[in-house]
Amino acid sequence: MRKIYLLLLFTWSCAIFSFAQKPEKPNSAEILLKLKKLNFLGTALYVAAHPDDENTRLITWLSNDRLANTAYLSLTRGDGGQNLVGPEIREALGIIRTQELLAARRIDGGKQFFSRANDFGYSKSAEETQEIWDREKVLADVVWVYRNFRPDVVITRFPPDERAGHGHHTTSAIMAKEAYEVAADKSQYPEHLEFIEPWQPKRVYINTGRWWNPDINADTEGVVAIDVGGYNPLLGKSYPEIAALSRSQHKSQGFGSTGTRGEQLEFLELMAGDAVEKDIFEGIETSWKRVKGGEKIGAVLEKAIAQYNPENPAAIMPYLLTARTEILKLNDQYWKQTKETEVNQLIKDVLGLYLEVVAGDFSVTPGDQVQLMVETINRSAFPVQLQRVKYNALADTVMQLNLTNNEVVTFKTTLQIPEDRAYSQPYWLEKPGTLGMYQVDDRGLIGQPENRPAIPVNFTLNIGGQQIDYTVPVVYKWNDPVDGEQYKPFIFTPPVFANISEPVYIFSNDEAKAVDVMLKAGKSGISGKLSLQIPDGWKISPSEYAFDLQMKGQEKSFRFQLTPPKKQSVANIKAVVEIEGKSYSKGFVNIEYDHIPTQLFMPEAESQIVKIDIKKRGEVVGYIQGAGDAIPRALREIGYQVREMAEDEVILENLKGLDAVILGVRALNTNERIPFYMDDLLKYVEEGGTLIVQYNTNFRLQTEDFAPYPMKLSRDRVADETAEVRILKPDHPALNIPNKITKEDFEGWVQERGLYFPGEWDEKYDALLSSNDDGETPKDGGLLVAKYGRGYYVYTGYSWFRELPAGVPGAYRLFVNLVSLGSNTESKNTTGKSK
């Protein structure tokens with residue numbers, strides 16, 4: 001029974017989570033495609049390392065042309081990447097990229113899985129990757145997905161060697177191949193076998209890319225070539241057109257894609273298993289003959305397909321009910337549960353059956369009540385009776401209600417939420433993990449893309465004499481005056497949130513700083529006390545505040561004065577709220593973008609506090625945004641006035657009053673106005689200003705004319721954040737004024753040293769620093785400074801966008817020196833103001 005339960009959970013999770021909150025409303029053509037998929041018994045799993053690694057063309061073709069049950073296993077959630085749509089990094093970025101993958105799968109028809117591996121950033125070797133990840137746990141997760149999803153064919157995006165170009169990439173292929181053997185071995189991970197059976201795919205392929213094998217073609221020995229460029233008349237698009245829409249959901253990574261038409265070949269090289277010539281499912285029975293008792297089901301479904309009428313889909317109901325009856329007789333539990341889920345969904349689709357449960361608010365606190373509006377309607381002439389509605393063991397409504405054609409039935413109910421319900425935190429972030437791994441204790445969640453719904457609601461219906469259950473999540477829905485019908489996940493939250501206004505506070509002297517904490521009520525009528533937990537040596541005033549918030553959503557800000565110790569210190573503070581003897585310390589981060597469902601992340605209400613020896617020069621800095629980062633916030637924290645400049649503000653007259661101008665990360669890639677700014681920016685430097693250009697990629701530069709002297713960007717990077725940094729020009733002003741930079745300033749960095757360093761540059765640039773990963777040649781292009789006219793031009797690939805928000809003291813000291821370069825003249829005093 002436990003095996004059946006876990007299989008049900010895995011299958012149900014795939015079905016529910018794959019279409020998020022908005023109810024699915026397939027048209028007649030999409031229903032026919034589902035009907036054809038019901039008649040195909042084959043499974044394919046694509047495996048890679050990160051969100052956006054997957055080949056959406058192949059996934060689209062497998063799911064919609066080959067009709068295979070298709071999924072993508074991404075070993076990580078992409079926390080270590082960059083963000084082109086906003087300032088979120090690390091855990092919050094991982095949430096965004098998870099949802100982008102789900103958005104992609106809703107378009108291309110695949111399912112989505114993950115392991116517990118954490119994307120700790122770029123890795124240059126599989127050895128490093130597997131050392132930082134818990135190798136055995138990640139492999140166990142891959143085996144767990146194999147044994148649950150039971151793929152006939154596994155396809156990896158990358159080869160299992162250095163050609164993959166990234167330690168995570170290489171490791172994903174290594175583990176995909178290793179799991180091929182391990183998943184079939186009962187002695188490996190025997191703890192799985194309480195729930196699932198061993199499984200071995202028929203074969204494992206590498207989806208060979210031209211970037212490591214430019215000469216591959218359909219005649220290459222050992223290669224299976226697949227034309228994925230076909231046109232699907234039911235969907236009205238070619239597979240590459242659908243794949244482009246899917247690929248374009250990876251907006252945080254700038255992967256907008258244009259669809260193509262005509263032949264598109266994909267090449268598969270056998271890595272393990274039986275070789276075939278043309279069909280990757282060769283030797284695999286993919287008809288209903290595959291399971292004992294299945295031939296009758298296949299025959300019935302063939303008749304359903306032949307007689308399907310797009311103007312009356314419900315006419316095939318007798319066939320579907322007959323097929324369902326036979327499916328329930330199967331002894332093969334995997335195909336029984338998989339195909340029962342599919343046929344149940346298909347029955348719902350052909351009936352136009354709409355089942356929805358909408359909460360009166362988007363959140364509720366455990367212990368409180370929530371009002372639900374239930375809506376059901378049968379939009380067909382086929383008889384349907386609603387027998388029961390069950391709200392996740394919270395309540396039952398028993399009825400014998402006939403759902404007649406196109407007559408909507410609505411009713412309200414009120415649920416009492418138990419006090420022990422967990423908050424709706426992304427499950428992989430509920431407990432502290434490690435640099436390389438998330439901690440997930442619930443076996444049923446491992447592999448799943450997101451949480452189970454806060455309240456799943458089960459509808460029991462009698463359809464043609466058969467009892468069929470459908471589970472839908474409670475959602476929150478409202479009407480926006482511009483965008484119309486909108487959805488949010490319904491969630492459980494604490495009664496109060498506490499957000500500290502800044503993620504990092506930098507103290508450069510002994511003076512106290514204001515720390516503002518905003519409380520937000522998660523429910524009405526709460527009162528209590530707010531305090532800040534501080535480390536030894538620091539002082540806080542006042543020690544606490546009393547508060548009273550009468551309305552849900554009400555916000556109120558409280559100001560503390562925090563005084564640093566005399567000595568240097570790096571520590572954390574936490575906001576703690578006490579209500580009726582219970583303590584709460586969750587903050588809230590609302591992640592809201594048009595292409596994904598709104599997400600609420602509830603991290604601990606903490607901030608970093610850093611007492612460092614730092615001096616600055618200059619007062620006013622201009623910032624021109626690129627992909628989005630938190631550096632303006634960090635500079636304000638140390639006393640700079642930062643003007644985030646709009647497009648029409650970047651003109652020479654406005655630049656002249658600034659002590660420095662900074663281009664945000666990847667501004668040369670993402671800011672389409674940059675080509676029109678550069679003349680004025682370089683003229684500003686020539687007349688005495690300082691321009692700091694942060695990292696960019698050499699792909700899709702908006703302009704090649706971004707520097708006063710020649711330089712070429714490369715893909716050079718230093719991924720090890722502990723790699724030695726050698727000072728090449730110890731007497732340069734950027735390393736001495738106003739802060740003396742030493743090797744100690746490169747301690748405590750996070751994730752990496754830097755990325756996409758220039759590989760070639762004119763002799764007029766001074767290369768100030770050198771660093772490299774183990775076994776590699778020195779990378780000297782990470783910080784280049786050139787005198788141009790009376791000013792300074794700086795190009796830097798070091799990862800300030802990670803280090804400053806993380807409160808790394810040495811990164812602040814060196815970055816302030818760069819900002820201060822234009823103030824290092826006799827005509828300016830130490831504040832940067834003209835004498």
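In this predicted model, the contact between helices α2 and α11 (contact meaning heavy atoms within 4.5 Å) brings Ile31, Lys34, Leu35, Lys37 and Leu38 of α2 against Lys339, Glu342, Val343, Gln345, Leu346, Asp349 and Val350 of α11. By class, six nonpolar, one polar and five charged residues take part in the contact of α2 with α11; Ala, Val, Leu, Ile, Met, Phe, Trp, Tyr, Cys and Pro count as nonpolar, Asp, Glu, Lys and Arg as charged, and the others, Gly among them, as polar.

Helix α2 spans residues 28-38 and helix α11 residues 333-350; their axes come within 10 Å and cross at roughly 155°. Angles over 145 degrees count as roughly antiparallel, and α2 and α11 are therefore roughly antiparallel to each other.

Turning to the whole protein, there are 17 helices and 42 strands, taken as DSSP runs (H or I, at least four residues, for helices; E, at least two, for strands). For 835 residues, a compact globule would have a radius of gyration near 28 Å, and the protein agrees with this because its value is 29 Å; the radius is taken over C-alpha atoms, and the globule rule is 2.2 Å times the number of residues to the power 0.38. Along the principal axes, the C-alpha atoms fill a box of roughly 90 × 70 × 55 Å. Among contacts between residues at least 6 apart in sequence, 74% join residues at least 24 apart.

Residues are numbered from 1 along each chain as its sequence is written. Local features need pLDDT of at least 70, side-chain atom pairs count only at pLDDT 80 or more, and totals for chains, interfaces and linings use all residues, while side-chain values use heavy atoms, with hydrogens and water left out.

Key:
Axes are lines fitted to C-alpha atoms, for helices over the stretch in contact, and angles run from 0 to 180 degrees between N-to-C directions. Angles under 35 degrees count as roughly parallel, over 145 as roughly antiparallel, 65 to 115 as roughly perpendicular and the rest as oblique.
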